Amino acid sequence: MWQHKLARGHRDKIQQFMLVTGASDKIALQALKASDWHLDGALDIFYSHPQIRGQTDSRRLEELYQRYKDPYGDMIMVDGITQLCTDMQVDPQDIVTLVLSWHMKAATMCEYSREEFISGLQSLGIDSIEKLREKIPALRMELKDENKFREIYNFAFAWAKEKGQKSLALDTAIGMWQLLFAEKNWPLVDEWCQFLQVRHNKAISRDTWSQLLEFSKTVDPTLTNYDPEGAWPYLIDEFVEHLTTTGIIPRS
């Protein structure tokens, strides 16, 4: 009833806030009022103040952790994460598992420590599988936010690489790129992955990983605004040369 008393613009912002966060209309109203009806400010308040998202039950969180914990160690491992995905009703290869791992600040793919799992769910205001399932659309929506996508993309490098390694194995990098760029519809992703497999066949550095996102965002797919004097990693320069010399993209 109270929504009818609000201006249409305010009602629209409440709907947008609820769509992005999965929060209730009351929490949306509280955060938007606190930010003077600035949507970005309200989202910052929501994500930086766990108390706004509602209290979580520490006992229920511990029970969740115990449900998925490896029987031989104090970690959630591959089998536990597979079961968690089954209970969430998502494929383990679904990108939403990456977004969830980002919220948990997970150090390694296919592993959650007790601290990562419990703190991550607390930060999301979740203490049950039902709440986690309800949160999935909001987790997907975060990929639409350019700043969050960049954070998730950069997080994925350290998360996916082998422990103790500085670089990311090529096969793993290609799988992650195909997963991430499917969200952005970058038209050169398949050519990039094929180029790496044929011409490079080595692990990927953090610099190449981070700069490729910038390349995909700033350089037109037809390369009309590509600057050969730009400070791109050599691998990206070689990729451009490959595209033009093979005629995949005509020289401008």
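A pocket is an open set of grid points with protein on both sides within 12 Å along at least five of seven lines. The model examined here is predicted. Its second largest pocket has a volume of about 370 Å³. This pocket is lined by 18 residues, and Pro-92, Gln-93, Thr-97, Met-109 and Trp-159 are the closest to its centre. Helix H5 (78-88), H6 and helix H10 (170-181) each give at least two residues to the lining. By class, the lining of the second largest pocket holds 11 nonpolar residues, six polar and one charged.

Four helices each supply at least two lining residues: H3 (39-48), H6 (96-104), H7 (114-124) and H9 (146-160). The largest share, five residues, comes from H7. Here the lining has 10 charged residues, five polar and four nonpolar.

Salt bridges were then considered. The whole structure contains 13 of them. One joins Asp-127 to Arg-60, with the closest N and O atoms 3.9 Å apart. Asp-127 sits in the loop between H7 and helix H8 (129-141), while Arg-60 belongs to helix H4 (residues 58-68), so this pair ties together parts that are 67 residues apart in sequence. The two partners can be described by their accessibility. Asp-127 has 4% relative accessibility and therefore counts as buried, since buried means under 20%. Arg-60 has a relative accessible area of 35%, so this residue is partly exposed. Arg-60 and Asp-127 also belong to a network of salt bridges that includes Lys-131.

Lys-184 lies in the loop between H10 and helix H11 (189-200), and Glu-146 lies in helix H9, so the pair ties together parts that are 38 residues apart in sequence. Lys-184 is partly exposed, at a relative accessible area of 28%. Glu-146 is partly exposed as well, at 41%.

Note on methods:
Residues are numbered from 1 along each chain as its sequence is written. This is a predicted model: local features need pLDDT of at least 70, side-chain atom pairs count only at pLDDT 80 or more; totals for chains, interfaces and linings use all residues. Side-chain values use heavy atoms; hydrogens and water are left out. Ala, Val, Leu, Ile, Met, Phe, Trp, Tyr, Cys and Pro count as nonpolar, Asp, Glu, Lys and Arg as charged, and the others, Gly among them, as polar. On a 1 Å grid over the protein atoms alone, a cavity is a set of points where a 1.4 Å probe fits but cannot get out, and a pocket is an open set with protein on both sides within 12 Å along at least five of seven lines; lining residues have an atom within 4 Å of a point. Grid points are joined across faces, edges and corners, and a volume is the space filled by probe spheres set on the points. A salt bridge is a side-chain nitrogen of Lys or Arg within 4 Å of a carboxyl oxygen of Asp or Glu. Buried means under 20% relative accessible area, exposed over 50%, partly exposed in between (1.4 Å probe, protein chains only).
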